[in-house]
Amino acid sequence: MVKFAISLNWSLDTLAEAVQAGQRPSLKDTAAINATRNTLAERMQATGLPVEYGTCGQTKYNRTQLGYPKGHWIDAACLGASGEVVRLNPEQRPLTIKATGHGKRQHARLNRFGFPRGHKPQARSYRGFRTGDQVKAVAGKAKGCAGRASIRFRPCFVLQQAINRIDGIHPRDLIVQQRSDGYTYV
């Protein structure tokens, strides 16, 4: 089932100025959001898949009735009429995925004048490692550390952790925990 919500947050400064001036804020933006939501819902229902949508107020009502804290992933689950019977573990966290890619397309590094100063090697891996592999150091100066490997085409890799990076690690001291697929999972 596909669930979606579109919300509009008023700027507090704009709303305060409008209230002080004695005029009601324009509902032009709200009408545009509602028209967009309704058109999107009609097109999604035309696909034949089960689609459910609702207002932000209904979602907030469902969430507060069930006693869940505020969170985007919790709001997505509490959306619409079926959101009244949702059972979640608020301690759980959704999987965060970040696209890291497989490297750069640039074939030559340039100096400050724009002339090439070095070319990218044709090989994509070195001693069985690729940039982006999740590795763990089993020996050497980084023993016990884990992170993302950045290869060089010599036996001197960089281990990038969340906070710091360790330079000069030999590939014989590393084991691969997960091969690079172009994404980082947190």
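A residue is called buried under 20% relative accessible area, exposed over 50%, and partly exposed in between, using a 1.4 Å probe and protein chains only. At 23% relative accessibility, Pro-90 therefore counts as partly exposed.

This is a predicted model, in which local features need pLDDT of at least 70, side-chain atom pairs count only at pLDDT 80 or more, and totals for chains, interfaces and linings use all residues. Residues are numbered from 1 along each chain as its sequence is written, and side-chain values use heavy atoms, leaving out hydrogens and water.

Let's stay with Pro-90 for a moment. You will find Pro-90 in the loop between helix H4 (72–77) and strand E3; helices (H or I, at least four residues) and strands (E, at least two) are DSSP runs, numbered from the N terminus. Contact means heavy atoms within 4.5 Å. Leaving aside neighbours within four places in sequence, Pro-90 has contacts with Tyr-68, Pro-69 and Trp-73.

Now look at a pair of strands, which by definition share at least two bridges found by DSSP.

| Strand | Residues | Residue in a facing pair |
|---|---|---|
| E8 | 157–160 | Val-158 |
| E9 | 165–169 | Asp-167 |

E8 and E9 run antiparallel over four bridges and form a hairpin with four residues between them.

A nonpolar core is a set of buried Ala, Val, Leu, Ile, Met, Phe, Trp, Tyr and Cys residues joined through side-chain atoms within 4.5 Å. The largest one has twelve residues, including Phe-157, Ile-166 and Ile-151. Strand E6 (134–137), E8 and E9 each give two or more residues to this core.
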